[in-house]
Amino acid sequence: MKPSLPTEATPTQPARKPSWIMRGTFLLGGGLWLLYPVAPQVVGLMQGEPMRWAYLWAWLPMWLFVGLAWGIYQQLQAAEKPADTPDAS
């Protein structure tokens with residue numbers, strides 16, 4: 001069976017970028033969580049201290065919420081920007 005090539009009847013659509021909300025929540029919030037509560041725990045673990053799992057899980061929702069708030073802010077900023085002006089960043 002031959003692979004079918006796209007025709008005019010089956011238009012291809014470009015891949016959609018993830019929203020600012022998703023980027024903020026998982027990339028910024030998750031990154032901050034890895035940086036602030038997880039990294040010191042790993043360093044302490046390498047120095048022989050016990051891992052404090054409750055500490056890690058307690059901070060996860062807070063950092064994800066920070067990322068969510070930043071993502072919502074960026075999404076609103078992008079919505080207010082006119083579409084025909086070039087991006088300043």
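Which helix holds Gly 67? I found Gly 67 in helix H2, residues 53-80; helices (H or I, at least four residues) and strands (E, at least two) are DSSP runs, numbered from the N terminus.

A note to myself on the source: this is a predicted model, where local features need pLDDT of at least 70, side-chain atom pairs count only at pLDDT 80 or more, and totals for chains, interfaces and linings use all residues. Residues are numbered from 1 along each chain as its sequence is written, and side-chain values use heavy atoms, with hydrogens and water left out.

Next I looked at the whole chain. I count two helices and zero strands in the protein chain. Of its 89 residues, 18% are buried (under 20% relative accessible area, with exposed over 50% and partly exposed in between; 1.4 Å probe, protein chains only).

Back to Gly 67. Its relative accessibility is 0%, so I list Gly 67 as buried. Setting aside neighbours within four places in sequence, I see Gly 67 in contact with Gly 24, Thr 25, Leu 28 and Gly 29, where contact means heavy atoms within 4.5 Å. I also checked Leu 28: from C-alpha to C-alpha, Leu 28 and Gly 67 are 5.2 Å apart, though 39 residues separate them in sequence.

That made me curious about contacts across the chain. Among those with a separation of 6 or more, 69% join residues 24 or more positions apart.

Last, I looked up Tyr 55, which also lies in helix H2. Tyr 55 goes down as partly exposed because its relative accessibility is 32%.
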